[in-house]
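Here are my comments on the model you sent. Please read them with the coordinates open.

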Amino acid sequence: MAVDHEMVARVARLARLRLAPAEVAPLAAELNRILGWIDQLQAVDTEGVAPLETVIPITRAWREDVVTEGDCQADLLANAPAAAHGFFAVPKVIE
Amino acid sequence: MAARRSQKPVMAPPYLVNGETGPFEVVIGLEVHAQVISKSKLFSGASTAFGGAPNTRVSLVDAAMPGMLPVLNGECVRQAVRTGLALGCTINRRSRFDRKNYFYADLPAGYQISQYEAPIVGEGAVEIELEDGTRKAVGIERIHLEQDAGKSIHDLHPELSYVDLNRAGVALMEIVSKPDLRSPAEAGAYVTTLRAILRAIGSCDGNMQEGSLRADVNVSVRRPGAPFGTRCEIKNVNSIRFIQQAIAFEARRQVDLIEAGEAVVQETRLFDPERGETRPLRSKEDAHDYRYFPEPDLLPLVLDEAFIEACRASLPELPHARRRRYETELGLSPYVAGVLTADIEESLWFELLLAESAKRQGKPPREVAERAANWMTGDLFAALKRLDRTIADSPVTPAQGAELLALLADGTLSGPLAKQVFEIMLETGENPGVIAEARGLKQVTDTAALEAAVAAVLQANADKVAEYRAGKEKLFGFFVGQVMKASGGKASPALVNDLLKRALG
């Protein structure tokens, strides 16, 4: 699969990245090189080999249903650009 | 009530939207989001309790602070599996979590952890029953586990939106139906049935006001028998009535578009309950490109047979099975059995009432069931409605109800006296026996006292007695009324009848 300039612009928009027009061509080339490397990996015959999901056999790494966290409003809001009345405050987002 | 059993259901005609060029069929599929009952969130140890000061039921995981990792809550897995089993679905021994990527202020990570390609629960079916008695199986496509988002509040500040993450990360089950529904009534019956099952097994509280149960409604129209048309998705509808209204409006809108020679555009819409209409919600053409990929921070979800069997063994009697049992074992009419099994809390209340009634009257449940059921669905439900209460905060307990029924059965109270005592129970919460004793509301069955009252009435109305004896038989009711009045309404009507017949005969 080749990435063209239009695809780069679209993915950037979806990822909320602002690209200068001059950045699009070099990025397309970089992404195509990465995809080329993936293609190279795809060439390996993995027929009958189960995907390796973890190197240590963990199943049921589940947590108990108990309340162990929370009540840290001040910490949560400490780095927020704006907060009011215990809420995060963001530019109005209504459609 | 008994007559209903013999009534044959009248098949309703299919629901069609009539356009100028002919009728259209409506095709509906629902994605129901049901909040899982759990103490903590799907991937963190923060509380799921409703309400609370903003951003207090939030962990660093829920706020997507850098380096925080999700750890799956086993109880949410168990509840999803139990739900799948209750809906007759296949349980996938191996499922996986994926990231659904989009940007919104109340989604701090920029993605929602959901299940895309490999959900925990596969296909199944739910049987619904319409008001006319027709039954229909509605297919379930899948159920997957996912996180809820936070809440944005837009009306507290002119330029800012406020974000509360208390809901962020709470576990939801998304129950996806097949496009098997064909009318607003069917969609309503489906959600009602689903809600009853979820509440019965305790996997979701079904509280639509608090948003514990809400639906995305997919609607399309087509000529009867034609292939599916283009669908629109109406997001986040939070009452059964609104779901039905939204479908009716949307179907009409699509028919009008098609007949005007325009095409239905696949889009997301919202339902405005005040205007009773749907409006387009997201217009950007790439808003739906979620770029799903496997969640790298979580292992695949692997279930073994022992876990699934333990989930199965934990399921209580389901509403439809209970209903069938009420009909066959207790001899209740399908209608009353249906009313008593529509809500789990009411069912459990009835079970207590029934057990206590059987015990007090020393009879098998089957013999006291009809009276208990009629009293509960009649007098009690009417009183609760009048008091604007639910069964959960009924002023009368099942044991008190059973005592009242026993006093009625053994003749201590007559029907009218029982109603009087019941009203006092509702007000004071006292036991019926105590009320009847203290307020002298017991039925008078003392033959000698009543005989004297009968004699007095006949003596005072000698002219009417003569008329009666001359053939004016309808005066009998007059004498009964006079004796009842003389006894202050406490005489046993049956006994008064007997005594009068003897005295006049």
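1. The model is predicted. Everything that follows should be read as a description of that prediction.

2. Chain B contributes 51 residues to the contact and chain A contributes 36 residues. About 3800 Å² is buried between chain B and chain A, and carbon and sulfur atoms account for 59% of this area. On the chain B side, the residues that lose the most area to chain A are B:F103, B:Y162 and B:L299, which together make up 14% of what that side buries.

3. Polar links across the interface of chain B and chain A come to 18 residue pairs in polar contact, counting pairs with both residues at pLDDT 80 or more. In chain B, the elements that give two or more residues to the side touching chain A are α2 (74–86), β9 (160–164), β14 (277–282) and β16 (301–302). The largest share, 5 residues, comes from β9(B). By class, this side of chain B has 27 nonpolar, 13 polar and 11 charged residues.

4. How many salt bridges does the rule find across the interface of chain B and chain A? The count there is 1. B:D289 forms a salt bridge with A:R10, with 2.6 Å between the closest N and O atoms.

5. The chains also meet through strand pairing: β2 of chain A (residues 87–91) and β9(B) run antiparallel over 4 bridges. Within this pairing, A:F88 has B:V163 in β9(B) as its bridge partner.

6. A:G36 sits in helix α2 of chain A, residues 21–42. A:G36 counts as partly exposed because its relative accessibility is 32%. The C-alpha atoms of A:G36 and A:A2 are 8.7 Å apart, although 34 residues separate the two along the chain.

7. Over all chains, the rule gives 43 salt bridges. One of them joins B:E267 to B:R269, the closest N and O atoms being 2.5 Å apart, and both of these residues are buried. In another, B:E317 and B:R322 have their closest N and O atoms 3.8 Å apart. B:E317 is partly exposed at 27% relative accessible area, whereas B:R322 is buried at 7%.

8. B:R323 forms a salt bridge with B:E327, at 3.5 Å between the closest N and O atoms. The two are about one helical turn apart because they are 4 residues apart in helix α6 (residues 319–328) of chain B. B:R323 is buried, at 18% relative accessibility, while B:E327 is partly exposed, at 26%.

Terms used: Residues are numbered from 1 along each chain as its sequence is written. Chains are lettered from A and ligands numbered from 1 in the order in which they are written. This is a predicted model: local features need pLDDT of at least 70, side-chain atom pairs count only at pLDDT 80 or more; totals for chains, interfaces and linings use all residues. Side-chain values use heavy atoms; hydrogens and water are left out. Contact means heavy atoms within 4.5 Å. Buried area is the accessible area (1.4 Å probe) that two parts lose on being put together, summed over both. A salt bridge is a side-chain nitrogen of Lys or Arg within 4 Å of a carboxyl oxygen of Asp or Glu. A polar contact is a pair of N or O atoms within 3.5 Å; within protein, one must be able to donate a hydrogen and the other to accept it, and residues adjacent in sequence count only if both atoms are side-chain atoms. Ala, Val, Leu, Ile, Met, Phe, Trp, Tyr, Cys and Pro count as nonpolar, Asp, Glu, Lys and Arg as charged, and the others, Gly among them, as polar. Two strands pair if DSSP finds at least two bridges between them. Buried means under 20% relative accessible area, exposed over 50%, partly exposed in between (1.4 Å probe, protein chains only).
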